[in-house]
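Hi everyone, thanks for coming.

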Amino acid sequence: MNLNQIQKAVFSLLIAMTLLLIPACSSTPLAKKADKGVPDVPREYRSVWVATVANIDWPSKPGLSVEDQQAEMIALLDKCVELNFNSVILQVRPAGDALYDSKLEPWSYYLTGEMGKAPEPYYDPLTFAVEEAHKRGLELHAWFNPYRALLLDTKGEVSDNHLSKTHPEVVHKYGKYLWMDPSEPVVQQHSLNVILDVVKRYDIDGIHMDDYFYPYPVNDDNGKRVPFPDDRSWKAYKDAGGKLSRDDWRRQSVNEFIEKMYKETKKLKPHVQVGLSPFGICRPGNPSYIKGFDQYESMYADTLLWLQKGWVDYFTPQLYWEIAKPDQSFTGLLGWWTEQNKKKRHIWPGVATYRTGKQIDDNEIQYQIQWTRIITPKSPGTVHFSMKWYMNEDFVVNKQLKESIYANQALPPASPWLGKKKPVALNAWITEVADGQVAVKAEPKMLVGVGWWIVQVKQGGKWTTQIVPAASSETTIKLANTDEKIDRVVVSQVSRTGIQSKHTELELP
């Protein structure tokens, strides 16, 4: 056994021993006492990716009727509520197209089965998804791919207003895709315009990008890497007197786009979060025992810079590996990213739920969620890939979430750098107390512009908490004990940036 093998064996043993302690941990983030003895509401970001590219998650196939599309979306959102998720990340621009009504890009093939064709009868899927998510108390983040232009196996004609037709000079074939050149000014401005258009026109809670910046490298038949075909933009840069190396120039192009996208979003709507979800390894050797793909060298993504500059509100490195895998350890990488987080943004890792029962153990995901609570206790959170697995009633992780890991509701952690102002105290009243239930109504006009309101009931020394969507002004809390006297009922409300108001004590009947 060589030294490397011994190190791996010891690492695996330590992880295995630690995992024995995990089930004893709290199944939800701990709540602490707030003003007047009222416990804080648990905070944890619980989100799931809903991929539309290739109809991975929604809609289930191109060309479904509007009725079926909407029914599938509602079923998906209802499942999120059932599992106590509090956010959905919906892919709205998979490849230079739109799953919403856009004047900048064509309707997506994945929606209607024909690029450029609107739904019939007409509706706007993003408006529908936002409204239905908010009715259920779920955040809705719009997910964009900034540079992918087309999957070459997409059926049918490409629309005349697709960027590959309007500006073919900035779109190139690379592997099985068409890609926009990230260093072309036309591409940078067009993608920025697309994102800001959605921020302006839709009541989304966040914008989101995944790991596709410059594309993953492609090899030829001899195994030699094929260079990305950006000779045109590189020549223009050099002719203008550019001094950077080609690799640094590519990274600078992506850096400039990320910075501008973040700052321009904040100018429009400061509360809209910006999330980035890059490949989970910054560079091999960070931390020292980590091995694997180098996105900095191969995709020209300087992800550490983006985090340390604060060009992100939440950072979701795709940590798709097991806890006990030393070369790409989930816990080791999460700990390292957390140490680099100088601006104190949210670190909410992406987890490979889809690998459960195949490449990873049935318990891996619940252990990883527990570890996020240990490593990032002030702002825990996880993003799951992807939604379709949770639509299977027999999926083992569903049971774990409902019975233990996400057994209770939680609010997303606050983002005070986006706005610290507390909402005003909520005006509400009890409408009925009967059969172990408390019905409460809030003044509707006071719920405008906030995300949620909270009802907390104390009975027999124990508190019951319910998180209510701001879209609903009435709620009923069911209590475990139908006979015992109710001691207190308090309400509060929570801003779009997660800041909670003071509690209002309600008069008991």
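This is a predicted model: local features need pLDDT of at least 70, side-chain atom pairs count only at pLDDT 80 or more; totals for chains, interfaces and linings use all residues.

Residues are numbered from 1 along each chain as its sequence is written, and side-chain values use heavy atoms, with hydrogens and water left out.

So, helix α7 covers residues 231–239; helices here are DSSP runs of H or I, at least four residues, numbered from the N terminus. Which of its residues are buried? They're Ser233, Trp234 and Tyr237, where buried means under 20% relative accessible area with a 1.4 Å probe, protein chains only, and exposed means over 50%. Looking down the axis of α7, those buried residues fall within an arc of 100°, so they line one face of the helix; the arc is taken from the directions from the helix axis to the C-beta atoms. Turned away from that side are the exposed Asp231, Lys235 and Asp239. Part of what covers the buried residues is α8 (246–268), with contact meaning heavy atoms within 4.5 Å. After α7 comes Gly241, with a positive phi near 95°.

Now the cavities. The linings of the two are sorted by residue class. The largest holds about 70 Å³ of space, and its lining includes Glu139, His271 and Trp348. A cavity is a set of points on a 1 Å grid, over the protein atoms alone, where a 1.4 Å probe fits but cannot get out; lining residues have an atom within 4 Å of a point.

Methods: Helices (H or I, at least four residues) and strands (E, at least two) are DSSP runs, numbered from the N terminus. On a 1 Å grid over the protein atoms alone, a cavity is a set of points where a 1.4 Å probe fits but cannot get out, and a pocket is an open set with protein on both sides within 12 Å along at least five of seven lines; lining residues have an atom within 4 Å of a point. Grid points are joined across faces, edges and corners, and a volume is the space filled by probe spheres set on the points.
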